[in-house]
Protein chains: 2
Amino acid sequence: MTDLFQAPKGTRDFLPPAMAVRRYIEDAWRRVSLRYGFQEVDGPTFESLDLYKVKSGDEIVSQLFAFTDRGGRDLALRPEFTPTLARIVAQLGGGLPKPIKWFSIPRCYRAEQPQKGRLREFIQWNVDFVGDSSFKADRECLALCAALLFELGLTPNDFKVSWNHRDLMAELLVGLGIRADKLADTFYVLDRLQKLSDVERDKLLQSREFSPSEQKILHLFATEMGKPEAEQTELKALLSAPVPRGVYEKIMILQDQLSLPELADNFHWDIGLVRGLAYYTGFVFEVADAKGENRAVAGGGRYDGLIEIFGGKPTPAVGFGMGDVVLEILLADRGLLPDKPLGGPDVFIVNASDDNGLTDLWASRLRRSTFDRTLKTVIQQGLRVEHSYKSTRNIGKLLQEAAAAHARFALILAPDELSRHVVKWRDMQSRTESELPLSQAETLIRAACSGGGD
Amino acid sequence: MTDLFQAPKGTRDFLPPAMAVRRYIEDAWRRVSLRYGFQEVDGPTFESLDLYKVKSGDEIVSQLFAFTDRGGRDLALRPEFTPTLARIVAQLGGGLPKPIKWFSIPRCYRAEQPQKGRLREFIQWNVDFVGDSSFKADRECLALCAALLFELGLTPNDFKVSWNHRDLMAELLVGLGIRADKLADTFYVLDRLQKLSDVERDKLLQSREFSPSEQKILHLFATEMGKPEAEQTELKALLSAPVPRGVYEKIMILQDQLSLPELADNFHWDIGLVRGLAYYTGFVFEVADAKGENRAVAGGGRYDGLIEIFGGKPTPAVGFGMGDVVLEILLADRGLLPDKPLGGPDVFIVNASDDNGLTDLWASRLRRSTFDRTLKTVIQQGLRVEHSYKSTRNIGKLLQEAAAAHARFALILAPDELSRHVVKWRDMQSRTESELPLSQAETLIRAACSGGGD
């Protein structure tokens with residue numbers, strides 16, 4: 001016997017229950033995006049390797065699944081969708097009406113060590129709002145992100161939204177005495193501060209050649225960021241000093257403008273929020289589990305310079321991403337995943353007659369749709385119909401099978417009724433039965449099933 | 001300025017209209033599969049390279065996008081879904097209730113020269129019926145395949161279904177005098193006969209070392225297969241001879257058993273249909289454009305030995321695949337692709353007041369869903385709402401924008417009406433307007449939108 005093959009490391013097999021959960025999440029992403037006026041796009045699963053270097057430099061290569069095609073072209077599986085989006089907008093941007101409001105639901109790939117909430121293959125909802133530089137576009141992205149979480153049953157108590165502003169933050173840091181040429185290093189350090197031990201932190205600060213006064217500020221940040229907001233007295237004192245106060249006031253105005261009523265007071269400016277990616281220019285935000293147990297559920301920000309880097313015209317843009325893995329962990333933790341994700345058939349055919357062909361006949365009739373060639377659309381949908389593949393004609397056993405399949409109704413074809421030109425119709429939930437005349441059965445069954453289901 | 005990047009050769013960018021068509025096809029695949037009681041599954045986009053060699057030998061490697069991960073494992077992008085399915089069933093088969101009725105809609109990859117109907121990256125609908133060796137499973141796959149084509153508006157006049165049976169065909173060939181050890185070569189030749197010129201055909205026959213009598217039979221096949229069925233007199237004479245007649249009769253019985261009323265007489269036994277893949281064991285079929293212009297729209301067959309090759313228990317199985325590229329060409333050719341695949345919003349907000357915040361307020365209210373945490377489901381869906389990003393307050397211009405977006409309704413917020421505590425509500429198709437009292441507007445709008453849309 002051959003050894004059994006396994007799925008590659010960091011990937012998943014989606015059996016029907018897992019696949020149904022995946023579709024439940026993807027359908028919500030799509031539904032809510034369309035509701036907010038975003039249109040779906042997609043690109044290739046792989047792009048030229050160089051496309052990923054433009055934005056992230058050569059170091060990205062070690063995190064990619066890269067390969068060469070037969071023409072010798074270097075390609076890589078997409079680690080994210082943004083470079084594809086930037087490539088498309090750089091090519092076509094001038095010909096597209098603005099604003100461009102696009103979403104996508106690509107599978108993405110990272111050649112890194114799998115861990116909880118982080119796999120080598122995952123699915124990511126991407127939302128991008130291109131061509132509007134105002135805070136309204138930032139706010140609409142934020143609103144859509146929140147709407148998705150509400151759509152899946154989460155409440156503002158389940159998650160927290162942090163935000164910051166890259167450019168204002170730079171202005172603030174310079175106001176506090178950080179040298180302009182140390183800003184990139186400062187963002188790098190800020191992004192890691194809360195993940196490091198004290199020793200690691202001090203080592204990092206020294207390695208980046210910060211001056212003693214710069215180190216003092218970053219020390220203060222590190223200490224204060226670990227405290228609840230109300231207790232960050234030293235930080236507040238620092239920000240209220242005359243020099244940075246003007247910038248801090250701008251930040252507070254933006255906080256008001258971005259605040260969504262539906263997030264209530266669950267939306268905080270976080271001085272430590274940088275979001276690693278080098279290309280963010282303004283607003284950045286992150287959604288995390290309120291319990292603080294998981295990685296970020298979603299994150300994004302404004303990247304006004306990116307389209308230009310890819311050869312396009314200067315184009316303002318803001319967007320965010322949300323992965324399926326962490327979101328599913330969060331929903332499972334809150335008991336919000338559907339109990340019966342697979343659903344069941346509308347009708348389960350229970351054939352207790354001698355005529356096996358009747359099962360096929362009824363299944364085929366009820367599953368059939370009616371397509372209108374003029375309107376180019378299905379005007380009457382077929383029903384979800386299942387039946388047993390066992391040879392038994394025992395109505396009791398067949399009804400058990402119907403119940404196990406979560407069928408809404410059973411259509412019972414039994415010799416007695418058939419000889420009287422009727423069929424039995426059973427509501428599986430209420431366990432009530434009626435008789436339908438054969439000549440009207442299809443119409444009556446379709447009517448019964450049209451409320452709910454599918 | 002940087003040179004603009006292009007999408008890799010043989011791949012596609014899906015801008016919103018193309019993406020909407022893709023979803024239109026994928027949704028039909030999913031909907032019809034569920035209707036027939038098949039459940040959706042998926043696997044990784046890449047598998048270990050060895051998985052693909054099991055079924056297809058080393059020669060498959062040159063047609064794959066292969067790469068190595070950092071642990072040195074050889075991987076490849078999936079060229080099809082069947083090896084993944086066989087791997088999963090081999091692992092779990094014993095624990096799964098039979099029959100296993102699964103479908104999937106994976107993206108697949110082929111490292112070959114792109115041409116019409118054949119790209120390097122495509123989407124394929126896969127249907128597999130595992131654990132039933134009877135012709136009923138074959139017939140159900142065929143019925144599902146046909147139902148999909150009908151669901152998209154095609155009629156039996158638009159396509160033709162050919163079938164054959166590998167084992168009966170082998171029996172027939174042996175009956176006609178083909179040596180048993182030349183059967184594999186014969187299938188290989190039959191699969192190519194209709195694609196070759198006379199010269200190429202004769203060269204192929206000689207290279208495979210067929211005897212003169214074998215060559216004579218294959219010559220006859222080649223000549224007859226090019227004719228309409230009614231004119232294949234030599235072939236019919238051959239099959240009616242005493243020796244192969246018994247097998248031919250079995251084939252004709254199967255033809256009756258497999259025939260679906262909905263396909264009418266558009267279902268033909270094709271002695272030349274082999275379907276390239278080496279693992280088919282019984283029934284094979286193929287759907288082609290009736291105009292004969294394109295590649296196969298769909299194809300499949302029975303592969304009773306495959307699960308065992310992958311280390312599982314002997315398990316009968318039948319399945320088929322249908323790619324998006326050829327199907328879309330066929331639908332486009334028949335004028336069956338939707339005219340407005342993108343759809344439009346339920347409501348377009350026309351804000352002619354001085355209060356910009358009103359747009360956000362109404363958009364947010366109407367887009368909102370109501371989730372029931374006990375039922376774990378959305379009990380009232382939000383609406384698709386759009387609005388203008390232009391600064392104009394001109395109602396006429398804004399209504400033009402609403403019409404261009406294909407909105408069903410416009411919600412008009414104008415100073416006069418607002419001062420009277422009403423809003424205007426316009427049906428964009430009938431161009432009729434009414435006034436809604438502010439206090440009941442949301443309820444009335446949701447009711448108006450609940451018929452149709454989304």
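**View 1. The buried residues of helix 1 of chain A.** In helix 1 of chain A, the buried residues are Met19(A), Ile25(A), Ala28(A), Trp29(A), Val32(A), Ser33(A) and Arg35(A). Buried here means that 20 or more other C-beta atoms, placed from the backbone, lie within 10 Å of the residue's own. This is a predicted model, where local features need pLDDT of at least 70, side-chain atom pairs count only at pLDDT 80 or more, and totals for chains, interfaces and linings use all residues. Residues are numbered from 1 along each chain as its sequence is written, while chains are lettered from A and ligands numbered from 1 in the order in which they are written.

**View 2. Helix 1 of chain A from end to end.** After helix 1 comes Gly37(A), with a positive phi near 80°.

**View 3. The two assigned domains of chain A.** An automatic or database assignment sets the bounds: domain 1 covers 16-333 and domain 2 covers 347-449. Their C-alpha centres sit 51 Å apart.

**View 4. Chain A as a whole.** Of the 454 residues in chain A, 38% are buried.

Methods. Buried ≥ 20, exposed ≤ 12 C-beta atoms within 10 Å, placed from the backbone. Helix = DSSP H or I, 4+ residues; strand = E, 2+ residues; numbered from the N terminus.
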